[in-house]
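Reader: I am new to protein structures. Can you show me how to read one, feature by feature?

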Amino acid sequence: MASSDFSLKLLEDERVGTLTPEQKELVASLKDDNKRLLRILSELLDLSQVDSGKIQLNKEPVQAAALVDKAVESVLNVARDKEIQIKKEITAELPLLHADPDKTTWVLTNFLTNAIRYSAAGSVIIIAALPSGSKTEFSVQDSGKGIDPRYIDKIFDRYFKIPGATEGSGLGLAICKEFIEAQGGTISVASETGKGSRFSFEL
């Protein structure tokens, strides 16, 4: 699948040949499908790691701001496409975290991707890293449609999808929970219908 993704990128390179507008649309559609399948495959691989009880943590000292910056950078293009602004709120001089940077960034990226998906064009998403007692709290707040109270308790369950949702595999948030709890942290969500959601975790 990674190979086919690379081939699609080559097709877009005019040095290989010029595509008609219709062909460009087809290639763009194939790229979107490929990205979606790659994401699901990645989630399934992560889930198999969880199921085997062998979540491999590579903990190291890391700055909270560096995790936030990396997550934001990975979704900037998607946010720009929807004219969504991402604002950072990071307390200066937060203590170093002893965490797995890849898995923690993965969780933040998942939160941001969901926030972008369910936010209206032109809205603002806030990602924050703030002190919480002896811990650091990371959060992503959107102003989207929010989550029906009936589904809040199920949101981190495997394969759960809010009725009517057309995207996602129902695995992303379940894996987020596993990754954070494996590091000794806690994860939560607060939401109000019509006013948005706030996903957060503490490490």
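Reader: Let me start with helix 4. How many residues does helix 4 have, and how far does it reach from its first C-alpha to its last?

Author: A word of care before that: this is a predicted model. Now the helix. Helix 4 covers residues 101-117, which is 17 residues. From first C-alpha to last, helix 4 reaches 24 Å. That is close to the 24 Å expected at 1.5 Å a residue.

Reader: What caps the N-terminal end of helix 4?

Author: Look for a side chain that reaches a backbone nitrogen there. Here Asp100 does the capping. One of its side-chain oxygens lies 3.1 Å from the backbone nitrogen of Asp102.

Reader: Now packing. At what angle do helix 4 and helix 5 pack?

Author: Take both axes, each running from N to C. Helix 5 spans residues 172-182. Its axis and that of helix 4 make an angle of about 150°, and the axes are 10 Å apart. Angles over 145 degrees count as roughly antiparallel, so helix 4 is roughly antiparallel to helix 5. The crossing is left-handed.

Reader: Which residues make that contact?

Author: On the helix 4 side, they are Lys103, Trp106, Val107, Asn110, Phe111 and Asn114. Helix 5 brings Gly172, Leu173, Ile175, Cys176, Phe179 and Ile180.

Reader: Why do numbers three or four places apart keep turning up in such lists?

Author: An α-helix has 3.6 residues a turn, so residues three or four places apart point the same way.

Reader: What are the angle and the axis distance for helix 3 and helix 4?

Author: Read them as before. Helix 3 is residues 64-81. It packs with helix 4 at an angle of about 35°, and their axes are 9 Å apart. This crossing is right-handed.

Reader: Which residues of helix 3 and helix 4 meet?

Author: Helix 3 supplies Leu67, Val68, Lys70, Ala71, Val72, Ser74, Val75, Val78 and Ala79. They meet Pro101, Asp102, Thr104, Thr105, Leu108, Thr109, Leu112, Thr113 and Ile116 in helix 4.

Reader: Let me zoom in on Thr105. Is Thr105 buried or exposed?

Author: First place it, then check its accessibility. Thr105 is in helix 4. Its relative accessibility is 7%, so it counts as buried. Next, look at its partners. A polar atom of the Thr105 side chain lies 2.7 Å from the backbone oxygen of Pro101. Leaving aside neighbours within four places in sequence, Thr105 is in contact with Leu67, Lys70 and Ala71.

Reader: What about a strand? Which residues does Thr136 touch?

Author: Thr136 sits in strand 5, residues 135-141. Its relative accessible area is 1%, so Thr136 is buried. Set aside residues up to four places away in sequence. Then Thr136 touches Ala64, Leu94, Pro95, Leu97, Leu130, Phe201, Glu202 and Leu203.

Reader: How far apart are Gln63 and His98 in sequence and in space?

Author: Compare two distances: one along the chain, one through space. Gln63 and His98 are 35 residues apart in sequence. Their C-alpha atoms are 9.0 Å apart. Gln63 lies in the loop between strand 1 (60-62) and helix 3. It is partly exposed, at 43% relative accessible area. Beyond residues up to four places away, Gln63 touches Leu94 and Leu96.

Reader: And how far apart are Leu41 and Ala128?

Author: Leu41 and Ala128 are 87 residues apart in sequence and 29 Å apart in space, from C-alpha to C-alpha. Leu41 lies in helix 2. Its relative accessible area is 37%, which makes it partly exposed. Leu45 lies in helix 2 too, at residues 21-51. With 53%, Leu45 is exposed.

Reader: Last one, backbone angles. What is the phi of Glu83?

Author: Glu83 is not a glycine, yet its phi is positive, about 55°. Glu83 lies in the loop between helix 3 and strand 2 (85-90). It is exposed, at 61% relative accessible area.

Reader: Where does Glu93 lie?

Author: Glu93 is in the loop between strand 2 and strand 3 (97-99). Its phi is positive, about 60°, although Glu93 is not a glycine. Its relative accessible area is 80%, so Glu93 is exposed.

How values were computed
Residues numbered from 1 in each chain as written. Predicted model: local features only at pLDDT ≥ 70, side-chain atom pairs only at ≥ 80, totals over all residues. Heavy atoms only, no water. Helix = DSSP H or I, 4+ residues; strand = E, 2+ residues; numbered from the N terminus. Expected span 1.5 Å × (residues − 1). Polar contact = N/O pair within 3.5 Å; in protein donor to acceptor, adjacent residues only side chain to side chain. Axes fitted to C-alpha atoms, helices over the stretch in contact; angles between N-to-C directions. Parallel < 35°, antiparallel > 145°, perpendicular 65-115°, else oblique. Left-handed = near helix turned anticlockwise from the far one by under 90°. Contact = heavy atoms within 4.5 Å. Buried < 20%, exposed > 50% of the residue type's maximum accessible area, 1.4 Å probe, protein only.
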